[in-house]
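Keep the picture open while you read, and look up each residue as it comes.

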Amino acid sequence: MYGFDTLLAMDTVCSRPAYAKVNLHLAVGFPYPDGYHPIQSLFALVDLSDDIEVSWKRSKTFSVEVTGLEAYCKKDDDTLTKAARLWHEAGGCHLQISIRCRKQIPIQAGLGGGSSDAASLLLLLQEIAGDSALEQEVLEQVALKVGSDVPFFLSGAKAAVVTGRGEHVVAVEPKDLTVLLVMPTDFAISTSSAYRLLDESRQGGEAGKSLGMQEMLHVYKKSSAEWKGLLYNDFQSCAPNKAYYAELMDISSPYGGFASMSGSGACWFFVSEDRSQVQAVHTAITAAFGCKVKCWLTRLNP
């Protein structure tokens, strides 16, 4: 038998998946004075995930170490470190935590991988803290400080309308659709550059007219084939490599589903109620692009 003091000194390991998302619709407004942009979006989880594993023990001080992201960013320059530190600063208990991220979601893809990782970590830290966990309102404030997509992933919704800076999340009934994710292997798009290009494209003009909440939900309830021309992504109109996205749209257009870029890019997706249609688009895109793309054939609503 271990004594209580010994148990406190031992590492405990827990883990949680961090699912990707696609934006079925994304309208972006002009930036606020602080530079953040208001959005109106339909988020839906996708059955593609990173895995977040936390090894922890109680301590007199707080420390965090992250492994698994060395190929993607500099040490401590990641959403997991940021989330852990902000959680502690907001009143989280003293812990020594070691975080391992098994990365499957591509970066700079518009799939929310970093935000989902952070949300999964925050939920694990809340479980670890037990009675010392942050109040929900404080936790939500921490999530928004980490990133605009984090509140959605923290909410537990499988699909939701997300507005404001990302802090307003209203869950909607998830749809059981097959989805094809297509990520280029020769370029990616950073979120900051995507917003810069969008703002530059609008200089002297106006933001596109966004759908009203009820109108968006009315369209969402229709079949995916009926979303064409109604749901859209503002970033796709000013994305780099426009010819690439135009070719993807041309390949998918004969089929009955819906296609769009996700988030700020670079990932593109095609969804349909008919799995055979998605498989046909997958075959056609693989034949056209070969090793220039990486594809995942999966589902919404994991």
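Asparagine 301 lies in the segment after β10; helices (H or I, at least four residues) and strands (E, at least two) are DSSP runs, numbered from the N terminus. Its phi is near 65 degrees, a positive value in a residue other than glycine. At 27% relative accessibility, asparagine 301 counts as partly exposed; buried means under 20% relative accessible area, exposed over 50%, and partly exposed in between (1.4 Å probe, protein chains only).

Before going further, a note on what you are looking at: this is a predicted model, in which local features need pLDDT of at least 70 and side-chain atom pairs count only at pLDDT 80 or more, while totals for chains, interfaces and linings use all residues. Residues are numbered from 1 along each chain as its sequence is written, and side-chain values use heavy atoms, with hydrogens and water left out.

Most residues other than glycine have a negative phi, and most peptide bonds are trans. Aspartate 76, which is not a glycine, has a positive phi of about 70 degrees. You can find aspartate 76 in the loop between β3 (63-67) and α2 (79-89), where its relative accessibility of 35% makes it partly exposed. The peptide bond from glycine 265 to alanine 266 is cis, with omega near 15 degrees. Alanine 266 sits in the loop between β8 and β9.

**A buried lysine**

Asparagine 301 also leads us to lysine 175: leaving aside neighbours within four places in sequence, lysine 175 is in contact (heavy atoms within 4.5 Å) with Tyr220, Lys221, Lys222, Trp227, Leu300 and Asn301. Lysine 175 is placed in the loop between β6 (168-171) and β7 (178-184). A salt bridge is a side-chain nitrogen of Lys or Arg within 4 Å of a carboxyl oxygen of Asp or Glu. The side chain of lysine 175 does reach the backbone oxygen of tyrosine 220 at 3.1 Å, and that of lysine 222 at 3.3 Å.

**Salt bridges**

By the salt-bridge rule, the count comes to 11.

| Arginine 16 | Glutamate 127 | 3.5 Å |

Arginine 16 is partly exposed at 29% relative accessibility, whereas glutamate 127 is exposed at 53%.

Aspartate 51 in strand β2 (residues 39-58) and arginine 102 in strand β4 (residues 95-102) are 51 residues apart. Aspartate 51 is partly exposed, with a relative accessible area of 23%, and arginine 102 is partly exposed, with 32%.

Are arginine 202 and aspartate 234 buried or exposed? Arginine 202 is buried, and so is aspartate 234. Arginine 202 is in the loop between α6 (191-201) and α7 (213-220), and aspartate 234 is in the loop between α7 and α8, 32 residues apart. Elsewhere, salt bridges that share partners join Asp50, Lys103 and Asp117 into one network.

**Helix α8**

In helix α8 (residues 242-252), Tyr244, Tyr245, Leu248, Ile251 and Ser252 are buried. Seen down the axis of α8, these buried residues fall within an arc of 120 degrees, so they line one face of the helix; the arc is that of the directions from the helix axis to the C-beta atoms. The face turned away from the buried side of α8 carries the exposed residues Ala243 and Asp250. Among the elements covering the buried residues of α8 are β7, β8 (258-261), β9 (268-272), α9 (275-289) and β10 (293-299).

**Cysteines**

How many disulfides are there? The count comes to zero, a disulfide being a pair of cysteine sulfur atoms within 2.5 Å. For cysteine 14, the nearest cysteine sulfur is that of cysteine 93, 12 Å away. The sulfur of cysteine 73 is 9.2 Å from the closest cysteine sulfur, in cysteine 101, too far for a bond.

Methods. Polar contact = N/O pair within 3.5 Å; in protein donor to acceptor, adjacent residues only side chain to side chain.
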